[in-house]
Every structure is written in structure tokens, then in C-alpha cells.
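Subject: Structure handover

Hello,

Here is the structure for you to look over. My notes follow below it.

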Amino acid sequence: MDDQSLTTSLALIFLFLIILLISKTCRNRASRDAGCRLPAGSGGWPLVGETLHFVSSAYSPSPERFMDKRRRLYGKVFRSHLFGSPTIVSTDAEVSRCVLQSDARAFVPWYPKSLTELMGQSSILLINGNLQRRIHGLIGGFFKSAELKAQITRDMHSYVSHSVVNWRHHHRILVQEQTKNIVFQILVRALIGLGPGKEMQFLKQQFREFIAGLMSLPVKLPGSRLYRSLQAKKRMAMMIKSIIAEKRAEQADGGRSQRRSRDAVDVLIDDASDELTDDLISDNMIDLMIPAEDSVPVLITLAVKYLSECPLALRHLEEENMELKQRRGVEELQWNDYMSLSFTQDVITETLRMGNIISGIMRKAVKDVEIKGHLIPKGWCVLTYFRSVHLDESHYEEAYEFNPAIFFLRLFAPQEKDMSSCSFTPFGGGQRLCPGLDLARLEAAIFLHHLVTNFTWVAEEEDHIVNFPTVRMKRGMPIRVRRKS
Ligand code: HEM
């Protein structure tokens, strides 16, 4: 390199550093003027930031290590660098609530690249504004309807009864696998109207291939994990689009036959808007299968795990459910019977608190945002980490103990505990509050009812919870059941 080009390069580097310094000073000044500042913390290593520490801690037997260490050093809100983005981590219930309550003028959803590739740009989890509100309203209304809850209850009865008929004395069962099979079929019927059979089996296979790539490397080369998942998604989309075409033809022919129950696709195609294209509907139906294969079965599996370790709670649960069964005799139980089993619902609530099936969610700031004196600069991500709040002793005494009675206590003695709903957010909050929360609770309650009224069980072998990339039981929660006389 000659002298002149060396001088030019040095001048350019110098100019770049000056610009960087000026923009940082301006930002700090702006935030100081507003009385807030960037939270303390560390950016970690170049490029990878603190991602490896975060992931290795999440995989380890002490998943709280990463957060606890930084909370001690910097406080409940701190700065980090995760999954390729500078990030503010919030383990503070109020700060997280403010983030969840904000709309797309302040924050938009943010997911790792492989996830956005697989979910597609029109996924409800990624879109914002009117379209997100419209789809949320349509499917949320449908999921809350008494008509769907009654159908889910009937289906759950028949699938669970059918499964448990095959459970003989001392039968070994993998709770996670059993619940995946049951819940997937029930929710798929509610979403696209598909019943059991070959097509359902095909969909299940393709869906497992699809979901395996959700947290993969963002490489789309043939043979890569992400590529195979995208191919599986294409095959599912083709199948769902042919179902949509049949439904549209039926609609053009004068409407849905009274013999067939309404499903989520019917709800979306009934909407007159041109925005709800077949591509958008099929993409969203596939995304909605994620809780069917993952979150709800894990909720039920974790409830069985915690109950196995807490005989007192199990006894109360059995008593409540046996009492209902005996009181109603041969009469078929309805969805509101299950939802009004208060201790059963407390067991589910406590499982959600301890299990943290969705440990946190990420948003990206579209402008500088200030919350409780903390600056979240434009372009940065914010991770609202529910897990640390749910396990914070200042919100829950003996936070690591499974104790469904704490929710019962809260109901009758609110002054004894912090009642603020922002310390309990397993289903998120604000405009994106999970529209499937009632369905998740209903399915868990029905499964637990059948299990505790018909069987006793013992955990078959040592198993433990894995927390990354999704929460699950490592060995699938094997139990050995004994039919009650
Ligand atoms: C234990 C079970 C479940 C858990 C823990 C859970 C958790 C969550 C959380 C935390 C969010 C908020 C995401 C965000 O703010 O970005 C969410 C959103 C969502 N959930 Fe669930 N969920 C569960 C079951 C279900 C079920 C059964 C369905 C429906 C079949 C469902 C459908 C949705 C949808 C569509 C959204 C996106 C809402 C929007 O962005 O407008 N979830 N869920």
C-alpha cells in the first residue's frame, strides 16, 4: 500500500470513529435529557455477544444461572447481546408489562431468522397493525366460542377414552407422546376440519419435519435442516390450500352444510376482506398447529410431573375430580364443568408458573423507547423474560415449590400476596395475549380428569425438564399406570 492510500484509509477510519462517537453522544444526550439511560450490562463477545452463555445456561440443570448472575450485577433490567442483536433484557414485571402493552408504534415482534423463514411473512406472530388485530379478533372469537369448546370437549372425551382403554394394569406410558397425539388431532380438526385417517397421519409427519427446523441455522441449502423443514411446510400448505378451495366452492354453492362443524378456516374465509388470501390462511393454520404439537402437550406433561412429586396436591385434585364424577354419574360432562373445577385450574395455573413453557418473548424497538427510566434504543431488541418473574421470591414465596394453593390463597386473601397480573404472564399480554389460553386450560383439565379418576401412577424412571430450544421432558415423562378398581 502506498503512502497516499494508507493516509486515505486512516482518514476514513478516523471519520468513521468520529461519526460513531457523535451518534453515541447524541443518543446519550437525548436519553439523558429525557432522564433515562441505557441499562448497565455487557455486550459480550464480538458477533455472538452473550448468546452462547445464554444458551448453555438454558440447557444446563441450572437454567437461571445466566439471568441470576446479571440481575445481581446490574439489576432486573440489563443490557446484553443475544441472537445477533443488541438486547435489553427485562426480568422486571412492570417493565415487561409496558413492553407487552405497547403497540407497533413502539415495538414489533422479533424472532430468530430460521423461525421467521419458516413462519412466513404473513404469520400472525409477525404481522402488525390492522391485519394482526383482525386475524387475532376472528380466531380469538372462534376459540372463545361455546360451540368450539363443546366440540373440543366431545373430541377430548372420545380420544382420551379411546387411548386409556388400551392402558392396562402396569402399562408403561410416555405422557408427552400420548398427549401430543391426542391434542394434535383435536386442534387440527378445530383449525381445518380434518378428521382421523391417512391425511391426518401425513400432516402429522410433515408437521414434525417442519417443527424440527424452527431453531436451526438460517441456511437454506438443499439437505440443510431449514431446507427440509421448508419443503415439509410446502407439502402441508398444498394440502391445506386444497381444503380451503373445497370450502370456498362449498361457500359459493350456498354455504356450509349444517352437518359439518365450523372450523378456523371457515371463520377466516367468511371474512369479506381481500387481505385474507389462501396463502395467508394456510400459513397461519400451520403456525397455529405449533401449540397443538408443543405447548399444550407440554403443559399437560409438566402437570403430571409436578403432581407426581406433590402427593398432597394430587390428593386434592383426585378428590375434586372424583366428587364431580360421582355427582354427575352417567351424565356427560360439559366444558364449563371442567373450567369450574377450581383446584384443577389452580394446578394448571401453578404448572404454567413453574413450567414457563414460553420462557419469554422478544420485540424490536422501532424508535427510542423509555420505560421506568430505562432506555431501549431504536433498532435494539427487548427480551421480556417471564421465567425470572415467575420464579422471583419477591412475587412468590418459595417460588421453586409446586404449590397450587398459592393461587387459591390469592383469590381469597389478595392482601397477602402481590396480585398484580403483570407478575403472571405465561400467555403474554396486551394486543397479542394468547387467544388459545382457554382451550389450553380446557384440554389440560379434561386430560387430568380422566387420568386421576381412572388411574394411579408412578414415575417409571428419572426424567428431567429440558428448557431449550423449547421446554420438554427429556425422556417424555414415562409413567406406569394402575387402573383404579
Ligand atoms: C400452554 C399453552 C400455550 C401457551 C403457554 C401459549 C403462550 C403464548 C404466548 C406467550 C403468546 C404471546 C406471543 C407474543 O406476544 O408475541 C401467545 C400467542 C399466541 N397463541 Fe398461544 N399459547 C398456548 C396455547 C395456544 C393455543 C392452544 C393456541 C391456539 C390453537 C394458541 C394460539 C396463539 C396465537 C394465534 C398467538 C398469537 C397472537 C397474536 O400475536 O395476535 N396458543 N401464546
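Glutamine 176 lies in α8, the helix of residues 175-192. Please keep in mind that this is a predicted model.

Is glutamine 176 buried or exposed? Glutamine 176 counts as buried because its relative accessibility is 8%, and the cut-off for buried is under 20%. Leaving aside residues up to four places away in sequence, glutamine 176 touches Pro297, Val298, Thr301, Arg472, Met473 and Gly476.

Next, the ligand. The shell around the ligand holds 24 residues. Gln132, His136, Arg363, Arg432 and Cys434 are the closest of them.

- histidine 136, at 2.5 Å
- glutamine 132, at 2.7 Å
- arginine 432, at 2.9 Å

Which elements give two or more residues to this shell? They are α6 (129-144), α12 (278-293), α13 (295-308) and β5 (360-365). Helix α6 provides the largest share, with four residues.

Now the surface. Tryptophan 45 sits in the loop that runs between α1 (3-33) and α2 (51-59). Its relative accessible area is 58%. Tryptophan 45 is therefore exposed, as the cut-off for exposed is over 50%. Trp45 also belongs to a nonpolar surface patch, together with Leu47, Val48 and Leu52. The accessible area of these four residues together is about 510 Å².

Last, the chain as a whole. How many helices and strands does the protein chain have? There are 19 helices and 12 strands. Of the 485 residues, 51% are buried. The accessible surface of the protein chain is about 23,400 Å². Carbon and sulfur atoms account for 57% of that surface. As for contacts between residues at least 6 apart in sequence, 71% join residues at least 24 apart.

Best wishes

Technical notes. Residues numbered from 1 in each chain as written. Predicted model: local features only at pLDDT ≥ 70, side-chain atom pairs only at ≥ 80, totals over all residues. Heavy atoms only, no water. Patch = residues over 30% accessible without salt bridge, like charges linked within 9 Å, V, L, I, M, F, W, Y side chains within 5 Å. Areas by Shrake-Rupley, 256 points an atom, 1.4 Å probe, with all protein chains shown as cover. Salt bridge = Lys/Arg side-chain N within 4 Å of Asp/Glu carboxyl O. Buried < 20%, exposed > 50% of the residue type's maximum accessible area, 1.4 Å probe, protein only. Contact = heavy atoms within 4.5 Å. Near = heavy atom within 4 Å. Polar contact = N/O pair within 3.5 Å; in protein donor to acceptor, adjacent residues only side chain to side chain.
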